[in-house]
Amino acid sequence: MTLLQNDNGDPMILAEPGPDLSDIVVLGVNHKTAAVELREKLAFSAEETEAALKLFQKAPSIREAMILSTCNRVEVLLVTKNKSLAIDTISSFITEKKAIAPAHLKPCVYVHSGSQAILHVFRVAASLDSMMIGEPQILGQLKEAFKTAVTLKSTGLILNRLLHKAFSTAKRVRTETGIGGHAVSISYAAVELAKKIFDTLDGKTILLIGAGEMAELAVEHLIRSTASMNLLVANRTFSVGVALAGRFRGRAIHLEEIPETLKTADIIISSTGSPAYVISKDQVKPAMRSRKHRPLFFIDIAVPRDIDPDINRIPNAYVYDIDDLQGAIRENIENRNAESIKAERIVEESVIKFTEWYQSLDVVPTIIDLREKLGAILTAELAKTFQALPLLTETDRQAFERMAESVIKKALHDPARFLKNPGAHRNKAVYLDFTRKLFHLDP
Amino acid sequence: MSSLLFVIILLYLLSAAGYIIFLFAQKEVCHRVAYGLMTAGFVVHTALIGFEFYRLGYFPAQNLHQTLVVAGWALTGVFLLIKYRYRLNILGAYAAPLATIVIIAAFCVPSVAVAPTPMFKSLWLVLHIVIIFIAEASLALACGAGLIYLVQENAIKTKSSRFFLKRLPSLEFLDRTGYLFIVTGFTSLTIGLITGFIYAQLVWGKFWSWDNKEIWSMITWLIYAALLHGRLVSGWRGRRAAIMAVIGFAALLFTFFGVNFLLEGHHDAFTK
């Protein structure tokens with residue numbers, strides 16, 4: 001806290017200093033700084049988050065706070081007038097609650113403040129800090145975390161504005177760059193490939209061999225991208241196949257029926273635990289003839305492989321194994337990284353804009369802006385009046401102008417005084433922001 | 001006339017550039033602009049042929065220059081029509097440069113004045129020429145679709161080139177449009193040949209005279225007939241159909257140019 005003087009030069013009571021950029025602080029751990037074991041331990045459940053935020057609200061050093069906890073990061077975002085004290089409060093809370101030795105936690109924690117903190121929040125929202133750059137979930141998680149904090153009223157003017165800017169920046173990044181554009185999951189890559197072989201997936205028949213989790217995921221993706229398709233499930237344990245087929249309105253078949261099914265199926269997804277090939281080249285060749293060489297797409301996500309790779313040599317039959325699919329994704333991941341350069345630029349722009357807004361919350365620029373606004377209005381009105389009164393002499397005009405200036409000065413005296421010192425423990429930034437909005441100082 | 005031809009070349013050239021930019025940049029606006037430019041070029045092109053027809057009093061396809069002009073015109077015409085009906089934008093990157101090359105070739109070949117004979121003024125001749133060129137244009141586009149198919153198929157099989165994989169349409173779609181071109185091309189080729197025979201009967205008094213061009217036309221026709229037969233009976237599709245479309249077009253090109261330059265025959269009068 002600093003000692004201020006009023007207009008008459010008298011010392012005033014101790015007042016809050018104006019908002020400072022370094023008041024915004026983010027501290028936490030993420031996938032880059034902490035191993036998964038530590039992140040698991042640190043993760044906050046919904047109840048823990050609420051309890052923590054309620055406690056932080058009571059801490060005098062913490063103005064505003066919110067907590068983001070996902071599987072890849074645990075972060076606390078806060079506005080404080082006393083950074084070291086606030087960090088101490090939070091660290092001791094975490095080490096206590098989570099039973100982690102401070103010496104163990106400390107090397108993993110990063111602390112950013114000021115524009116670094118703003119940049120960090122924007123990058124997280126835009127999915128630039130994610131393990132898989134461009135993955136869309138983080139934005140939803142951040143929105144959820146913000147909602148929790150808003151419900152508990154643990155955020156205020158600054159974090160609200162910061163988060164809203166983070167959301168709009170993330171949206172801009174998503175629409176203006178290709179960061180979320182290309183497939184980066186194996187099942188998605190398989191669907192994209194299928195669309196390059198088949199004109200449409202509508203009405204195609206899919207044969208699922210083995211009822212693994214990966215296969216299920218691929219089927220879900222396929223079903224989402226078509227209006228109608230037939231699903232056949234072949235599984236060693238017939239009842240498991242029946243259950244899975246039931247979930248997707250498909251039909252279960254026996255493993256022995258596979259060679260016959262090759263004549264009608266279009267896409268085959270295999271993920272059995274079989275050590276030998278489940279489908280051989282000799283089975284596919286005659287099937288191709290009877291299906292009149294319509295294309296046949298094999299997706300082999302089993303290790304060891306289920307589909308004989310030589311089948312890829314048969315005309316109009318295409319085999320992709322897990323490595324091929326991964327190869328297809330790799331380039332997309334590289335693409336995303338290239339697009340992220342564009343995204344970084346957008347984020348930096350937003351940081352600059354936010355910083356400008358934040359700094360306008362200082363008293364002096366706000367009063368200057370107010371003066372200029374009133375000055376402009378009076379000058380314009382005087383000019384109109386002078387035009388209507390051509391008989392006025394130059395001295396008369398000067399008298400009017402002096403009067404106008406003194407009106408501004410007197411009118412602004414009390415507001416300026418209030419803004420410089422809204423009273424002990426009142427948040428100056430709130431009043432400054434309100435004033436700027438009331439007089440529409442930021443068009 | 002050459003100034004009009006120059007305008008056409010310019011429009012086609014710009015259109016080709018637009019389609020090639022589209023191939024790389026994948027921006028919708030590129031192929032829209034390219035399509036517009038090509039349509040403009042086609043309008044001028046049609047006007048040019050119409051004017052020549054009016055001025056000469058016979059259909060202007062009696063020397064190599066005129067033939068090339070008509071060939072280019074048929075190519076753009078068929079492409080514009082098909083493109084209007086189907087979403088096959090990428091084929092523009094093949095059709096537009098091809099049309100440009102044909103017209104530039106026409107521009108470079110001097111238009112040798114041909115003494116008009118009553119032989120030229122036959123409705124059968126006009127029909128024969130127009131239909132044959134529509135067939136050639138369709139089969140040229142079938143070859144284009146086949147080439148694109150082969151590139152895309154290779155990209156999927158070898159799992160190497162993501163560049164084409166992303167930009168080119170699906171194999172099934174390419175195969176189906178290629179087939180559509182072949183059917184259109186083959187039908188017009190058949191009708192074109194029949195009108196040719198009728199015309200030959202009227203002029204020379206016989207349907208078939210073992211002329212080199214006639215023989216090669218028959219060979220080309222048989223290749224396409226085999227392709228269609230294979231598809232309908234034993235399901236030749238995909239790669240094999242694409243390769244056949246390319247081979248068929250090569251035979252067609254030989255019939256069109258090779259016979260004129262290397263062998264001799266009674267079409268000489270029209271194409272030298």
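Helices here are DSSP runs of H or I with at least four residues, strands are runs of E with at least two, and both are numbered from the N terminus. That helps us place A:Asp129, found in the loop between α5 (115-125) and α6 (137-151) of chain A.

Two quick notes before I go on. This is a predicted model, where local features need pLDDT of at least 70, side-chain atom pairs count only at pLDDT 80 or more, and totals for chains, interfaces and linings use all residues. Residues are numbered from 1 along each chain as its sequence is written, chains are lettered from A and ligands numbered from 1 in the order in which they are written, and side-chain values use heavy atoms, with hydrogens and water left out.

Back to A:Asp129. Is A:Asp129 buried or exposed? A:Asp129 is buried, with a relative accessible area of 4%. The cut-offs: buried is under 20% relative accessible area, exposed is over 50%, and partly exposed is in between, with a 1.4 Å probe and protein chains only.

Now its partners. The side chains of A:Asp129 and A:Lys32 are joined by a polar contact of 2.9 Å. Another polar contact, 3.2 Å, joins A:Asp129 to A:Asn30, again through side chains. A polar contact is a pair of N or O atoms within 3.5 Å; within protein, one must be able to donate a hydrogen and the other to accept it, and residues adjacent in sequence count only if both atoms are side-chain atoms. Contact in general means heavy atoms within 4.5 Å. Leaving aside neighbours within four places in sequence, A:Asp129 has contacts that include A:His31, A:Arg73 and A:His120.

There is a network here too. Salt bridges link A:Lys32, A:Arg73, A:Glu75, A:Arg123, A:Asp129 and A:Glu344. A salt bridge is a side-chain nitrogen of Lys or Arg within 4 Å of a carboxyl oxygen of Asp or Glu. Take A:Arg73 and A:Glu75: their closest N and O atoms are 3.1 Å apart. A:Arg73 is buried at 3% relative accessible area. A:Glu75 is buried as well, at 6%.

Next, α5(A). Eight of its 11 residues are buried, so α5(A) is largely enclosed by the rest of the structure. Among those buried are A:His120, A:Phe122 and A:Arg123. After α5(A) comes A:Ser127, with a positive phi near 65°.

One more salt bridge within chain A. A:Lys98 pairs with A:Glu48, closest N and O atoms 3.0 Å apart. The pair links distant parts of the chain: A:Lys98 sits in helix α3 (residues 83-98), A:Glu48 in helix α2 (residues 46-58), 50 residues apart. A:Lys98 is buried at 11%, whereas A:Glu48 is partly exposed at 31%. Over all chains, the count is 26 salt bridges.

On to the interface. Chain A puts 27 residues into the contact, and chain B puts in 24. About 2000 Å² is buried between the two chains, with carbon and sulfur atoms giving 45% of that area. Buried area is the accessible area (1.4 Å probe) that two parts lose on being put together, summed over both. How many salt bridges cross the interface of chain A and chain B? Three. One of the salt bridges joins the side chains of B:Glu172 and A:Lys204, at 3.3 Å, N to O. Both B:Glu172 and A:Lys204 are buried. On the side of chain A that touches chain B, α8 (186-197), β10 (317-321) and α13 (322-359) each supply at least two residues. α13(A) gives the most to that side, with five.

Now the cores. A nonpolar core is a set of buried Ala, Val, Leu, Ile, Met, Phe, Trp, Tyr and Cys residues joined through side-chain atoms within 4.5 Å. The largest has 107 residues, and the members touching the most others are A:Ile267, A:Ile269, A:Phe297 and B:Leu141. Helix α5 (residues 123-158) of chain B gives the largest share of this core, 15 residues. A second, separate core has 70 residues, including A:Met66 and A:Ala343.

Last stop, helix α15 of chain A. A:Lys409 lies in this helix, residues 394-420. A:Lys409 is exposed, at 62%. A:Phe400 is also in α15, and is partly exposed at 32%. Beyond four places in sequence, A:Phe400 touches A:Leu382, A:Phe386 and A:Leu392.
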